[in-house]
Amino acid sequence: MRRLIPLALPLTLAGLVLAGCAVTAQPAASPSASSLSAESSAESSVQSAAEVDTAIATAAAELLEANADGTVVNDDEWDIADAETVTLSGSTASSDSAGVRIDGSTVTITAAGVYRLTGTLDGQVVVSAPDDAQVVLVLDGATIESTSGAAIQVVTADDVAINLAAGSTNTVTAATSADADASAAIYADSDLTLSGSGALTVTDTGNDGISATDDLAIIGGTITVDAADDALRGKDSIVVDDGTLTLTAGGDALKSDQTDDATQGYVWIAGGTVTATSTDDGIDAQTDAVVTGGTVSIAAEGDGIHSEIALAIAGGDVTVSRSYEGLESADIRIAGGTTRVTSSDDGINASGSSTSAGGGMGGGGMQDTGETVTISAGTLIVDADGDGLDSNGSITMTGGDVTVYGPTAQNNGALDSNGGIDVSGGTLVAIGSSGMAESPDESSAQGWLAATVSGSAGSTVQITDASGSVIAEYTAQKTFATVVFSSSAITDGQTYTVTVDGTATSVTAGVAVAGGMGMGGGGRP
């Protein structure tokens, strides 16, 4: 497993680009104090721009620096005026280009260049060009359907781009099998870039939708993929910088699974709009999963976003509306943007480090195995049936706004760690069950309170100080028995009142609830 080493980094991601391109992740603006939580009227701590930039740099840029540069073919690297036309005509095609060979229903591109494809083909388009060739396929009203293998297959080339012509609608359909040489409707044994402003619909009833054995970059287009297995697969990496993607997958929606190189196997979403529905994971990365911009919406039967080494959200808008576990990795970093997670098990689960005996359940009595959840900025809202924030190691919060609803089960906790919870900034509220309720550490620099109070979905939870001033107010999303709250407005040892639907309970800051699972010195007797 790759060990992440802190690097000296700039305060923005502007310097981090993909090789041979200008795909740059621009961090989303930090949300203002008034917009940090729709459910809360609490005053949230607002970090300076420099502090937010620093948090983003350490959370995301470090991961991107640790990964190999991806490859992309930008639109300014070729000229549509150089395009040679290939006219698709049912079971055959025609072209005057010396770089095009036509054999029945198979169209083979044999040389570097730009090729404009238009019409309908019941067959295959194959790229078999020199190993150093750059090939651009411009789809301009093209429909390609294959009943025997990939509809578009790159056998040999260096870099291949599929450009969607402005105003065009294009369709690629296939029924590939898992053991085929090319197991996707669009299959590239090379780097592959999708660009343009047109539309593309890809369907594969047998296996993957779009697959590249090297890097897969999407920098434009309106792309719809419906695949029996993975919708998008870039073995070395997947980078989405722009475009509108609608993905439906019988497997993972976005997957990078390179196991031979620890600097590859990552997924990076820097922009665009991604809507993914999957039977397995929404995003599955062998190494890192990073979101620095764009809008991501995921509904999964497996994990919302899963990575083996690290997962960072430093910008953009991420919604996991359905998942088994929402965000899962050994190292989870929230440093910007807005993230909403709904899960049938853990919402945020840090598990699976190289020293861990197993992932999943944390809790009292289990050793700290080194996993981390670090929250430094942004908004995080979790609605979990299992643990809300769960780490087999530690949980650290230095900023941001975190709201946890649930769980209702007594063998789970809204907060659950093996190595303790340290809070030194931001606003944290956890409204959940009482059986495994955990509080921040005694050594936390920021004050916190915990209360045994009960309510149900729709109940109003209000926190006031000794003078009666309202510090925070929340509307519960489900049945609960405890409330944990931390913000800069809480002073250790002072008395506060937690009121649920008019019923008031007095608590002392820094004292855990009876029977709680305070770890690492938290939850004082």
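## Local features of a predicted model

Glutamate 84 lies in strand β1 (residues 84-90), strands being DSSP runs (E, at least two residues) numbered from the N terminus. The model is predicted, so local features need pLDDT of at least 70 and side-chain atom pairs pLDDT 80 or more, while totals for chains, interfaces and linings use all residues. Residues are numbered from 1 along each chain as its sequence is written, and side-chain values use heavy atoms, without hydrogens and water.

With a relative accessible area of 33%, glutamate 84 is partly exposed, that is, between buried (under 20%) and exposed (over 50%), for a 1.4 Å probe and protein chains only. On the surface, Asp79, Asp82, Glu84 and Asp96 form a patch of negative charge; members of such a patch have over 30% relative accessible area and no salt bridge, like charges being joined within 9 Å.

One aromatic pair is present. The ring centres of tyrosine 474 and phenylalanine 485 are 6.4 Å apart with planes at 65°, so the arrangement is edge-to-face (centres within 6.5 Å, planes over 60 degrees apart). Because tyrosine 474 belongs to strand β38 (residues 470-475) and phenylalanine 485 to strand β39 (residues 480-486), the pair ties together parts 11 residues apart in sequence. Tyrosine 474 and phenylalanine 485 are both buried.

Key
Patch = residues over 30% accessible without salt bridge, like charges linked within 9 Å, V, L, I, M, F, W, Y side chains within 5 Å. Areas by Shrake-Rupley, 256 points an atom, 1.4 Å probe, with all protein chains shown as cover. Salt bridge = Lys/Arg side-chain N within 4 Å of Asp/Glu carboxyl O. Lys, Arg positive; Asp, Glu negative; His and termini not counted. Charge placed at Lys NZ, Arg CZ, Asp CG, Glu CD. Helix = DSSP H or I, 4+ residues; strand = E, 2+ residues; numbered from the N terminus. Phe/Tyr/Trp six-rings, centres within 6.5 Å; stacked < 30°, edge-to-face > 60°.
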